[in-house]
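Visitor: I have a model open and would like to go through part of it. Can you take some questions?

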Amino acid sequence: MKNYLNLIALTKNLDNLNDKDLKAYLSVGLAGEVGEVCNLIKKHLFYTGYTVDREHLCDELGDCLYYLFNLATEFGFSVDDLVHKNSGKVKKIIEKNVNYR
């Protein structure tokens with residue numbers, strides 16, 4: 001994981017954006033990539049005969065990670081911080097046996 005984070009950090013700001021613009025760029029990039037994933041899933045669910053190309057979906061999910069992890073580090077969070085924080089939320093859901101369907 002550390003190697004990946006070091007690798008993606010090399011390309012997150014090739015245009016030398018200021019702090020505010022870099023955070024905006026990464027946020028919009030994440031939103032765009034999530035949109036790509038949603039579009040693939042939409043086609044899978046609602047287009048007759050459409051099958052998700054797993055390789056394409058994997059690429060798009062990877063792009064989401066790129067933007068998410070870079071955005072998190074820009075705000076001073078590690079991946080471990082995100083996992084720890086979210087794990088707490090998930091544990092509370094399990095404890096309450098909440099059904100979100």
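Visitor: Is Lys-23 buried or exposed?

Guide: Lys-23 is buried, with a relative accessible area of 18%; buried means under 20%, exposed over 50% and partly exposed in between, with a 1.4 Å probe and protein chains only. This is a predicted model, where local features need pLDDT of at least 70, side-chain atom pairs count only at pLDDT 80 or more, and totals for chains, interfaces and linings use all residues. Residues are numbered from 1 along each chain as its sequence is written, and side-chain values use heavy atoms, leaving out hydrogens and water.

Visitor: What does Lys-23 touch?

Guide: Leaving aside residues up to four places away in sequence, Lys-23 touches Leu-71, Glu-74 and Phe-75; contact means heavy atoms within 4.5 Å.

Visitor: Which helices do the buried residues of H3 pack against?

Guide: They pack against H1 (2–9), H2 (19–46) and H4 (79–96). Helices here are DSSP runs of H or I with at least four residues, numbered from the N terminus. Among the buried residues of H3 are Leu-57, Glu-60 and Cys-64.

Visitor: At what angle do H1 and H3 pack?

Guide: About 80 degrees, with their axes 10 Å apart. Axes are lines fitted to C-alpha atoms over the stretch in contact, and angles run from 0 to 180 degrees between N-to-C directions. That makes H1 roughly perpendicular to H3, a term for 65 to 115 degrees.

Visitor: Which residues of H1 meet H3?

Guide: Tyr-4, Leu-5, Ile-8 and Ala-9 do, and their partners in H3 include Tyr-66 and Phe-69.

Visitor: New topic: what follows H3?

Guide: Gly-76, with a positive phi near 85 degrees.

How values were computed
Helix = DSSP H or I, 4+ residues; strand = E, 2+ residues; numbered from the N terminus. Parallel < 35°, antiparallel > 145°, perpendicular 65-115°, else oblique.
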